[in-house]
Amino acid sequence: MAHYRDSGVIVRTHKLGEADRILSVITENNGKVRAVAKGVRKTRSRYGGRLEPLRHLDLQFYKGRGDLDIVTQAETRDHWPQIRDDLDRLGKALTIAEAVDQVAQDKQPDIELYRMLCGALHTLHKGDPVLIVPAFLLKLLAHEGVAPALDACVLGGERTDLEYFDPRNGGVLCASHQRGTRISSAALELMRATLGGALSTVLEVQQATHTDEVAAITHRLWEYHIDRRLRSTELLK
Amino acid sequence: MYDGPVQDLIDELGRLPGIGPKSAQRITFYLLKLPKGDAQQLASAIVEVKERIGFCQKCWNISEQDLCPICSDPQRQTGSLCVVEEPKDVVALERAGFRGRYHVLQGALNPMEGVGPEQLRIRELLQRIREEGVDELILCTNPNIEGEATAMYLARQLQPLGITVTRIASGLPVGGDLEYADELTLGRALEGRRELQG
Ligand SMILES: [Zn+2]
Ligand SMILES: [Zn+2]
(Lines give C-alpha, C1' and ligand atoms only; values in the text may rest on other atoms or scores of the structure.)
(Ligands and ions follow the chains in the order given, each with its own letter.)
Protein backbone atom coordinates (compact mmCIF):
# COMPACT_ATOMS: atom_id res chain seq x y z
CA MET A 1 0.00 0.00 0.00
CA ALA A 2 2.01 2.92 -1.28
CA HIS A 3 -0.85 5.42 -0.88
CA TYR A 4 -3.05 5.87 2.15
CA ARG A 5 -5.78 8.29 3.16
CA ASP A 6 -6.43 9.81 6.56
CA SER A 7 -7.89 12.89 8.24
CA GLY A 8 -5.63 15.08 10.30
CA VAL A 9 -4.82 18.44 11.82
CA ILE A 10 -1.55 20.15 10.93
CA VAL A 11 0.22 21.15 14.15
CA ARG A 12 3.57 22.30 12.84
CA THR A 13 5.35 23.17 9.61
CA HIS A 14 8.97 23.69 8.57
CA LYS A 15 10.25 25.25 5.41
CA LEU A 16 12.10 22.89 3.13
CA GLY A 17 14.17 24.16 0.22
CA GLU A 18 12.76 26.86 -2.03
CA ALA A 19 9.07 26.07 -2.12
CA ASP A 20 8.35 22.92 -0.07
CA ARG A 21 7.22 22.41 3.49
CA ILE A 22 7.47 19.58 6.01
CA LEU A 23 4.19 19.09 7.89
CA SER A 24 3.54 17.43 11.23
CA VAL A 25 -0.01 16.10 11.09
CA ILE A 26 -1.98 14.55 13.95
CA THR A 27 -4.06 11.99 12.10
CA GLU A 28 -7.11 10.00 13.06
CA ASN A 29 -5.66 6.56 12.33
CA ASN A 30 -1.91 6.85 11.85
CA GLY A 31 -0.75 8.94 14.81
CA LYS A 32 1.67 11.76 14.05
CA VAL A 33 2.60 11.73 10.37
CA ARG A 34 5.48 13.83 9.12
CA ALA A 35 5.17 14.53 5.43
CA VAL A 36 6.61 16.70 2.68
CA ALA A 37 4.25 18.97 0.76
CA LYS A 38 5.86 19.94 -2.52
CA GLY A 39 5.51 23.39 -4.00
CA VAL A 40 3.12 24.67 -1.30
CA ARG A 41 4.88 27.97 -0.78
CA LYS A 42 4.30 29.08 -4.37
CA THR A 43 1.29 31.40 -4.77
CA ARG A 44 -0.10 29.20 -7.52
CA SER A 45 0.27 25.92 -5.67
CA ARG A 46 -2.68 23.60 -6.25
CA TYR A 47 -2.95 23.26 -2.47
CA GLY A 48 -3.63 27.01 -2.12
CA GLY A 49 -3.10 28.00 1.51
CA ARG A 50 -4.47 24.73 2.83
CA LEU A 51 -1.32 23.20 4.21
CA GLU A 52 -0.75 25.49 7.18
CA PRO A 53 -0.90 24.86 10.94
CA LEU A 54 -4.39 24.57 12.47
CA ARG A 55 -6.04 23.20 9.33
CA HIS A 56 -8.17 20.06 9.55
CA LEU A 57 -7.91 18.12 6.30
CA ASP A 58 -8.69 14.95 4.43
CA LEU A 59 -5.31 13.93 3.12
CA GLN A 60 -3.75 11.40 0.85
CA PHE A 61 -0.16 10.43 1.52
CA TYR A 62 2.40 8.48 -0.43
CA LYS A 63 4.52 6.30 1.85
CA GLY A 64 8.10 7.45 1.75
CA ARG A 65 11.11 5.22 2.33
CA GLY A 66 12.33 7.09 5.38
CA ASP A 67 10.55 9.00 8.16
CA LEU A 68 8.87 11.34 5.73
CA ASP A 69 5.81 10.60 3.64
CA ILE A 70 4.61 12.81 0.78
CA VAL A 71 1.28 14.65 0.63
CA THR A 72 -0.44 13.90 -2.68
CA GLN A 73 -3.93 15.32 -2.05
CA ALA A 74 -5.53 17.66 0.47
CA GLU A 75 -9.12 18.75 1.00
CA THR A 76 -10.33 21.00 3.78
CA ARG A 77 -12.61 19.72 6.53
CA ASP A 78 -12.37 22.71 8.92
CA HIS A 79 -10.24 25.80 8.86
CA TRP A 80 -11.66 27.58 11.91
CA PRO A 81 -11.42 31.15 10.55
CA GLN A 82 -12.36 32.71 13.91
CA ILE A 83 -9.08 31.40 15.32
CA ARG A 84 -6.99 32.91 12.54
CA ASP A 85 -8.33 36.43 12.93
CA ASP A 86 -7.89 36.85 16.68
CA LEU A 87 -4.44 36.99 18.26
CA ASP A 88 -5.56 35.55 21.62
CA ARG A 89 -7.34 32.60 20.09
CA LEU A 90 -4.50 32.03 17.64
CA GLY A 91 -1.93 32.08 20.47
CA LYS A 92 -4.02 29.61 22.48
CA ALA A 93 -4.60 27.34 19.47
CA LEU A 94 -0.89 27.30 18.61
CA THR A 95 -0.03 26.52 22.25
CA ILE A 96 -2.42 23.56 22.16
CA ALA A 97 -0.96 22.41 18.83
CA GLU A 98 2.57 22.72 20.23
CA ALA A 99 1.62 20.66 23.31
CA VAL A 100 0.14 17.91 21.12
CA ASP A 101 3.25 17.94 18.91
CA GLN A 102 5.42 17.50 22.00
CA VAL A 103 3.64 14.36 23.22
CA ALA A 104 2.56 12.70 19.96
CA GLN A 105 4.71 9.82 18.74
CA ASP A 106 5.44 9.30 15.05
CA LYS A 107 3.14 6.69 13.50
CA GLN A 108 1.62 5.62 16.84
CA PRO A 109 -2.16 5.61 16.30
CA ASP A 110 -3.91 7.68 18.98
CA ILE A 111 -7.45 8.48 17.99
CA GLU A 112 -8.24 10.06 21.35
CA LEU A 113 -5.45 12.61 20.93
CA TYR A 114 -6.81 13.49 17.49
CA ARG A 115 -10.31 13.92 18.92
CA MET A 116 -9.09 16.04 21.83
CA LEU A 117 -7.23 18.33 19.46
CA CYS A 118 -10.16 18.75 17.08
CA GLY A 119 -12.48 19.36 20.04
CA ALA A 120 -10.25 22.04 21.54
CA LEU A 121 -9.84 23.87 18.23
CA HIS A 122 -13.55 23.71 17.58
CA THR A 123 -14.20 25.19 21.04
CA LEU A 124 -11.74 28.00 20.29
CA HIS A 125 -13.49 28.69 17.01
CA LYS A 126 -16.82 29.06 18.86
CA GLY A 127 -15.49 31.17 21.71
CA ASP A 128 -12.47 32.17 23.74
CA PRO A 129 -12.60 30.41 27.13
CA VAL A 130 -10.06 31.77 29.63
CA LEU A 131 -9.05 28.30 30.82
CA ILE A 132 -8.98 26.40 27.54
CA VAL A 133 -5.19 25.98 27.48
CA PRO A 134 -4.72 24.91 31.13
CA ALA A 135 -7.73 22.60 30.91
CA PHE A 136 -6.38 21.05 27.70
CA LEU A 137 -2.91 20.58 29.20
CA LEU A 138 -4.37 18.86 32.28
CA LYS A 139 -6.46 16.56 30.11
CA LEU A 140 -3.46 15.80 27.95
CA LEU A 141 -1.27 15.01 30.97
CA ALA A 142 -4.01 12.66 32.20
CA HIS A 143 -4.08 11.09 28.72
CA GLU A 144 -0.32 10.56 29.00
CA GLY A 145 -0.85 8.83 32.35
CA VAL A 146 0.55 11.56 34.57
CA ALA A 147 -2.58 13.21 35.96
CA PRO A 148 -1.91 15.00 39.26
CA ALA A 149 -3.49 13.64 42.45
CA LEU A 150 -6.00 16.25 43.60
CA ASP A 151 -8.21 14.55 46.19
CA ALA A 152 -5.85 13.65 48.99
CA CYS A 153 -2.40 14.66 50.26
CA VAL A 154 0.16 12.71 48.21
CA LEU A 155 2.32 12.14 51.27
CA GLY A 156 -0.11 11.41 54.10
CA GLY A 157 -3.49 10.82 52.46
CA GLU A 158 -5.23 13.65 54.39
CA ARG A 159 -8.38 14.94 52.71
CA THR A 160 -8.60 18.29 54.47
CA ASP A 161 -6.39 21.40 54.62
CA LEU A 162 -5.05 20.71 51.13
CA GLU A 163 -3.11 23.94 50.63
CA TYR A 164 -0.02 23.06 48.58
CA PHE A 165 0.76 21.70 45.11
CA ASP A 166 4.04 20.13 44.04
CA PRO A 167 4.66 18.71 40.53
CA ARG A 168 7.62 16.71 41.82
CA ASN A 169 5.44 14.88 44.36
CA GLY A 170 2.65 14.47 41.82
CA GLY A 171 -0.18 16.51 43.31
CA VAL A 172 -1.65 18.28 46.35
CA LEU A 173 -0.29 18.30 49.88
CA CYS A 174 -1.82 19.16 53.22
CA ALA A 175 -0.73 21.97 55.52
CA SER A 176 1.48 19.69 57.60
CA HIS A 177 3.24 18.05 54.64
CA GLN A 178 3.77 21.33 52.81
CA ARG A 179 5.95 21.16 49.66
CA GLY A 180 5.97 23.16 46.44
CA THR A 181 3.75 26.23 46.18
CA ARG A 182 0.43 27.25 47.74
CA ILE A 183 -2.80 26.50 45.95
CA SER A 184 -6.13 28.14 46.73
CA SER A 185 -9.21 26.00 47.20
CA ALA A 186 -10.87 27.78 44.23
CA ALA A 187 -7.96 26.82 41.93
CA LEU A 188 -7.99 23.26 43.22
CA GLU A 189 -11.73 23.01 42.55
CA LEU A 190 -11.23 24.10 38.93
CA MET A 191 -8.51 21.50 38.38
CA ARG A 192 -10.71 18.79 39.92
CA ALA A 193 -13.63 19.84 37.74
CA THR A 194 -11.44 19.68 34.62
CA LEU A 195 -10.36 16.11 35.27
CA GLY A 196 -13.64 15.08 36.89
CA GLY A 197 -15.98 15.41 33.92
CA ALA A 198 -17.12 19.00 34.46
CA LEU A 199 -15.01 20.55 31.72
CA SER A 200 -17.88 22.56 30.24
CA THR A 201 -18.37 24.52 33.48
CA VAL A 202 -14.61 25.16 33.71
CA LEU A 203 -14.68 26.63 30.22
CA GLU A 204 -17.32 29.15 31.26
CA VAL A 205 -15.29 30.62 34.13
CA GLN A 206 -14.28 34.28 33.76
CA GLN A 207 -10.74 35.52 34.27
CA ALA A 208 -9.79 35.94 37.96
CA THR A 209 -6.81 35.46 40.30
CA HIS A 210 -7.57 31.77 40.71
CA THR A 211 -7.71 31.20 36.93
CA ASP A 212 -4.24 32.75 36.65
CA GLU A 213 -3.20 30.40 39.43
CA VAL A 214 -4.54 27.35 37.57
CA ALA A 215 -2.67 28.46 34.44
CA ALA A 216 0.63 28.93 36.29
CA ILE A 217 0.37 25.59 38.12
CA THR A 218 -0.58 23.71 34.96
CA HIS A 219 2.34 25.12 32.98
CA ARG A 220 4.73 24.18 35.79
CA LEU A 221 3.26 20.68 35.84
CA TRP A 222 3.69 20.45 32.05
CA GLU A 223 7.31 21.53 32.18
CA TYR A 224 8.02 19.04 34.96
CA HIS A 225 6.54 16.05 33.14
CA ILE A 226 7.23 16.85 29.49
CA ASP A 227 10.47 18.70 30.18
CA ARG A 228 9.81 21.31 27.51
CA ARG A 229 8.44 24.82 27.55
CA LEU A 230 5.43 25.83 25.46
CA ARG A 231 6.87 28.69 23.48
CA SER A 232 3.72 29.69 21.62
CA THR A 233 2.49 31.36 24.83
CA GLU A 234 4.76 34.24 23.82
CA LEU A 235 2.02 35.35 21.45
CA LEU A 236 -0.30 35.85 24.39
CA LYS A 237 1.80 38.50 26.15
CA MET B 1 31.95 10.27 6.42
CA TYR B 2 34.76 12.05 4.55
CA ASP B 3 37.99 13.33 6.02
CA GLY B 4 39.14 16.81 6.97
CA PRO B 5 38.39 19.74 4.64
CA VAL B 6 35.90 17.87 2.44
CA GLN B 7 33.69 16.97 5.38
CA ASP B 8 34.15 20.49 6.81
CA LEU B 9 32.77 21.99 3.61
CA ILE B 10 29.86 19.52 3.52
CA ASP B 11 29.02 20.44 7.12
CA GLU B 12 29.20 24.19 6.43
CA LEU B 13 27.02 23.96 3.33
CA GLY B 14 24.59 21.72 5.19
CA ARG B 15 23.92 24.54 7.64
CA LEU B 16 22.60 26.81 4.89
CA PRO B 17 18.82 27.22 4.65
CA GLY B 18 17.14 24.72 2.35
CA ILE B 19 20.25 22.56 1.90
CA GLY B 20 20.14 19.03 3.24
CA PRO B 21 23.08 16.62 3.63
CA LYS B 22 22.63 15.21 0.11
CA SER B 23 22.64 18.61 -1.58
CA ALA B 24 25.61 19.66 0.56
CA GLN B 25 27.52 16.68 -0.74
CA ARG B 26 26.54 17.35 -4.34
CA ILE B 27 27.62 21.02 -4.12
CA THR B 28 30.90 20.03 -2.45
CA PHE B 29 31.82 17.68 -5.28
CA TYR B 30 30.80 20.28 -7.82
CA LEU B 31 33.11 22.78 -6.12
CA LEU B 32 35.94 20.24 -6.05
CA LYS B 33 35.76 19.96 -9.84
CA LEU B 34 35.60 23.73 -10.36
CA PRO B 35 38.68 25.59 -11.73
CA LYS B 36 40.58 27.21 -8.87
CA GLY B 37 39.84 30.74 -10.14
CA ASP B 38 36.09 30.19 -10.15
CA ALA B 39 36.14 28.77 -6.64
CA GLN B 40 38.20 31.74 -5.45
CA GLN B 41 35.72 34.14 -7.00
CA LEU B 42 32.89 32.52 -5.04
CA ALA B 43 34.89 32.60 -1.81
CA SER B 44 35.77 36.26 -2.21
CA ALA B 45 32.19 37.19 -3.07
CA ILE B 46 31.14 35.74 0.29
CA VAL B 47 33.92 37.58 2.12
CA GLU B 48 33.15 40.83 0.31
CA VAL B 49 29.46 40.76 1.06
CA LYS B 50 30.18 40.15 4.73
CA GLU B 51 32.72 42.98 4.83
CA ARG B 52 30.84 45.61 2.86
CA ILE B 53 27.17 44.95 3.41
CA GLY B 54 25.40 45.34 6.68
CA PHE B 55 21.97 46.45 7.77
CA CYS B 56 20.56 49.96 7.54
CA GLN B 57 20.44 51.32 11.07
CA LYS B 58 16.99 52.76 10.50
CA CYS B 59 14.97 50.27 8.46
CA TRP B 60 17.13 47.10 8.80
CA ASN B 61 17.16 46.49 5.07
CA ILE B 62 20.51 45.32 3.69
CA SER B 63 22.76 48.32 3.03
CA GLU B 64 26.33 49.30 2.21
CA GLN B 65 26.09 52.41 4.36
CA ASP B 66 24.73 53.05 7.85
CA LEU B 67 21.65 54.42 6.13
CA CYS B 68 20.28 52.77 3.01
CA PRO B 69 19.47 54.85 -0.14
CA ILE B 70 15.76 54.79 0.68
CA CYS B 71 16.21 56.07 4.23
CA SER B 72 18.57 58.82 3.04
CA ASP B 73 16.17 60.00 0.33
CA PRO B 74 14.19 63.08 1.52
CA GLN B 75 11.54 62.41 -1.15
CA ARG B 76 10.68 59.22 0.71
CA GLN B 77 9.70 61.07 3.88
CA THR B 78 6.01 60.64 3.23
CA GLY B 79 3.66 59.73 6.03
CA SER B 80 3.45 56.04 5.22
CA LEU B 81 5.70 53.30 6.48
CA CYS B 82 5.52 49.77 5.15
CA VAL B 83 6.45 46.92 7.50
CA VAL B 84 7.81 43.79 5.80
CA GLU B 85 9.43 40.53 6.88
CA GLU B 86 12.53 40.34 4.67
CA PRO B 87 14.70 42.52 2.40
CA LYS B 88 13.33 40.65 -0.65
CA ASP B 89 9.88 42.02 0.23
CA VAL B 90 11.23 45.57 -0.13
CA VAL B 91 12.39 44.70 -3.63
CA ALA B 92 8.94 43.35 -4.48
CA LEU B 93 7.13 46.44 -3.16
CA GLU B 94 9.54 48.78 -4.94
CA ARG B 95 8.71 46.96 -8.17
CA ALA B 96 5.02 47.43 -7.37
CA GLY B 97 5.60 51.18 -7.13
CA PHE B 98 5.43 51.93 -3.39
CA ARG B 99 7.36 55.15 -2.65
CA GLY B 100 7.27 55.56 1.12
CA ARG B 101 9.54 54.23 3.83
CA TYR B 102 10.06 50.61 4.93
CA HIS B 103 10.83 48.71 8.06
CA VAL B 104 12.26 45.20 7.75
CA LEU B 105 11.42 42.96 10.71
CA GLN B 106 13.92 40.30 9.62
CA GLY B 107 11.44 37.48 10.05
CA ALA B 108 7.97 36.66 11.33
CA LEU B 109 6.71 35.42 14.68
CA ASN B 110 7.04 31.67 15.03
CA PRO B 111 7.61 30.92 18.71
CA MET B 112 7.62 27.15 18.13
CA GLU B 113 10.71 27.60 15.95
CA GLY B 114 12.30 29.99 18.43
CA VAL B 115 11.27 33.29 16.81
CA GLY B 116 9.52 35.43 19.42
CA PRO B 117 9.02 39.23 19.50
CA GLU B 118 12.55 39.71 20.88
CA GLN B 119 14.11 38.11 17.80
CA LEU B 120 12.45 40.60 15.43
CA ARG B 121 13.13 44.32 14.92
CA ILE B 122 9.95 45.29 16.74
CA ARG B 123 11.48 47.43 19.46
CA GLU B 124 13.35 49.37 16.75
CA LEU B 125 10.08 49.89 14.89
CA LEU B 126 8.31 51.34 17.93
CA GLN B 127 11.24 53.66 18.55
CA ARG B 128 11.24 54.82 14.93
CA ILE B 129 7.56 55.62 15.02
CA ARG B 130 8.09 57.79 18.09
CA GLU B 131 11.11 59.56 16.60
CA GLU B 132 10.16 59.95 12.92
CA GLY B 133 6.40 60.33 13.05
CA VAL B 134 4.19 58.15 10.88
CA ASP B 135 0.65 58.79 9.61
CA GLU B 136 -0.07 55.36 8.26
CA LEU B 137 1.61 52.09 9.03
CA ILE B 138 1.02 49.40 6.40
CA LEU B 139 1.51 45.84 7.60
CA CYS B 140 2.86 43.89 4.62
CA THR B 141 3.79 40.63 6.32
CA ASN B 142 3.07 37.39 4.44
CA PRO B 143 -0.53 36.13 4.32
CA ASN B 144 0.44 32.88 6.09
CA ILE B 145 -0.09 32.02 9.74
CA GLU B 146 3.24 33.47 10.93
CA GLY B 147 2.72 36.67 8.97
CA GLU B 148 -0.85 37.06 10.25
CA ALA B 149 0.26 36.48 13.85
CA THR B 150 3.00 39.08 13.39
CA ALA B 151 0.56 41.62 11.94
CA MET B 152 -1.96 41.12 14.75
CA TYR B 153 0.77 41.29 17.37
CA LEU B 154 2.09 44.56 15.91
CA ALA B 155 -1.42 46.03 15.63
CA ARG B 156 -1.85 45.39 19.35
CA GLN B 157 1.50 46.97 20.23
CA LEU B 158 0.73 50.00 18.06
CA GLN B 159 -2.76 50.64 19.32
CA PRO B 160 -1.74 53.04 22.14
CA LEU B 161 0.23 55.18 19.66
CA GLY B 162 -2.93 56.31 17.88
CA ILE B 163 -1.67 55.98 14.29
CA THR B 164 -3.61 54.46 11.42
CA VAL B 165 -2.60 50.84 10.98
CA THR B 166 -3.61 49.03 7.80
CA ARG B 167 -3.07 45.50 6.55
CA ILE B 168 -2.54 44.69 2.88
CA ALA B 169 -5.51 42.91 1.34
CA SER B 170 -5.06 39.21 0.75
CA GLY B 171 -6.95 37.55 -2.01
CA LEU B 172 -6.41 35.62 -5.16
CA PRO B 173 -3.13 35.74 -7.03
CA VAL B 174 -3.57 37.53 -10.34
CA GLY B 175 -3.17 34.97 -13.11
CA GLY B 176 -4.07 32.11 -10.78
CA ASP B 177 -6.97 29.70 -11.09
CA LEU B 178 -9.97 30.10 -8.82
CA GLU B 179 -10.28 26.35 -8.29
CA TYR B 180 -6.88 26.16 -6.59
CA ALA B 181 -7.67 28.83 -4.02
CA ASP B 182 -8.36 27.50 -0.54
CA GLU B 183 -11.53 28.42 1.39
CA LEU B 184 -9.89 31.05 3.59
CA THR B 185 -8.34 32.84 0.64
CA LEU B 186 -11.59 32.78 -1.32
CA GLY B 187 -13.50 34.06 1.73
CA ARG B 188 -11.11 36.98 2.13
CA ALA B 189 -11.15 37.74 -1.57
CA LEU B 190 -14.94 37.99 -1.35
CA GLU B 191 -14.73 40.33 1.64
CA GLY B 192 -12.26 42.54 -0.20
CA ARG B 193 -14.28 42.77 -3.44
CA ARG B 194 -14.59 46.14 -5.16
CA GLU B 195 -17.13 47.75 -7.46
CA LEU B 196 -16.45 47.65 -11.18
CA GLN B 197 -17.35 50.73 -13.19
CA GLY B 198 -19.29 49.57 -16.27
ZN1 LIG C 1 -0.34 15.43 54.25
ZN1 LIG D 1 17.01 52.16 5.51
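Biologist: In what order do the 5 strands of the chain A barrel close?

Modeller: Bear in mind that this is a predicted model. The pairing in the barrel is mixed, and neighbouring strands are turned by 50° against each other on average, ignoring direction.

Biologist: At about what angle to β2(A) does helix α3 of chain A run?

Modeller: That helix takes in residues 111–126 and lies across β1, β2 and β4 (56–62) of chain A. Relative to β2(A), α3 runs at about 105°.

Biologist: Is R34(A) buried, exposed or partly exposed?

Modeller: R34(A) sits in strand β3 of chain A, residues 32–37. Beyond its neighbours within four places in sequence, R34(A) is in contact with I22(A), S24(A), D67(A), L68(A) and D106(A). Buried would take 20 or more C-beta atoms within 10 Å, and exposed 12 or fewer. R34(A) has 17 such neighbours, so the label is partly exposed.

Biologist: Over to chain B: how far apart are the centres of domain 1 and domain 2?

Modeller: Chain B is divided into domain 1, residues 4–52, and domain 2, residues 55–167. Taken over C-alpha atoms, their centres are separated by 32 Å.

Notes
Residues numbered from 1 in each chain as written. Chains lettered and ligands numbered in written order. Predicted model: local features only at pLDDT ≥ 70, side-chain atom pairs only at ≥ 80, totals over all residues. Pairing = 2+ DSSP bridges. Helix = DSSP H or I, 4+ residues; strand = E, 2+ residues; numbered from the N terminus. Axes fitted to C-alpha atoms, helices over the stretch in contact; angles between N-to-C directions. Contact = placed C-beta atoms within 7 Å. Domains from an automatic or database assignment.
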